[in-house]
Amino acid sequence: MKQVAWLFKWLLKAAIFFTLFAFALNNQHDATVRFFFGRQWTAPLVLVVLSAFALGLLIGILGMVPRWWQHRRDAAIAREAAAAAAASLVAADKPPTAAPHGL
């Protein structure tokens with residue numbers, strides 16, 4: 001069963017690769033991206049699409065970083081609180097050193 005799943009995963013990866021490869025081969029004509037102030041960039045369409053995708057990934061990652069740092073900070077605080085609580089439970093479980101009931 002594992003071999004069938006492994007084979008299916010590789011077939012899916014190959015299908016995705018060949019689909020993207022065919023897309024790149026079919027879109028080799030030049031595209032012009034016009035920026036502000038008369039600037040422009042002329043490149044094959046597949047590079048323009050790839051650049052837009054990479055720029056979107058970068059913006060998404062940069063937008064996610066502050067929240068990620070906050071979660072890491074909250075997790076560190078929670079770990080410290082859990083360690084302190086565990087230490088207090090261990091200290092509370094120790095038998096008393098004095099005789100019970102004042103005896």
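This is a short exchange on how the labels for this predicted model are assigned.

Mentor: The model is predicted, so local features need pLDDT of at least 70 and side-chain atom pairs pLDDT 80 or more, while totals for chains, interfaces and linings use all residues. Residues are numbered from 1 along each chain as its sequence is written, and side-chain values use heavy atoms, without hydrogens and water.

Trainee: What makes up the order of elements in the protein chain?

Mentor: The order is α-β-β-α from the N terminus. That is two helices and two strands. Both are DSSP runs, numbered from the N terminus: helices are H or I with at least four residues, strands are E with at least two.

Trainee: How do you know that β1 and β2 pair?

Mentor: Pairing requires at least two DSSP bridges between the strands. β1 (residues 30-34) and β2 (residues 40-44) have five, and run antiparallel. D30 has P44 in β2 as its bridge partner. The two strands form a hairpin with five residues between them. In that turn, F37 has a positive phi of about 60°.

Trainee: Why is the pair F17 and F21 called stacked?

Mentor: Rings of Phe, Tyr and Trp (its six-membered ring) pair if their centres lie within 6.5 Å; planes under 30 degrees apart count as stacked, over 60 as edge-to-face, the rest as tilted. Here the centres are 6.0 Å apart and the planes at 15°, so the pair is stacked. F17 and F21 are four residues apart in helix α1 (residues 2-26), about one helical turn. Ring pairs link F17, F18 and F21 into a cluster.

Trainee: Is F21 buried or exposed, or in between?

Mentor: Buried means under 20% relative accessible area, exposed over 50%, partly exposed in between (1.4 Å probe, protein chains only). F21 has 44%, so F21 is partly exposed. Of the 103 residues of the protein chain, 4% count as buried.

Trainee: What puts K13 over the face of W10?

Mentor: The rule wants NZ of Lys or CZ of Arg within 6 Å of the ring centre and within 35 degrees of the ring normal. K13 lies at 4.6 Å from the ring centre of W10, over its face.
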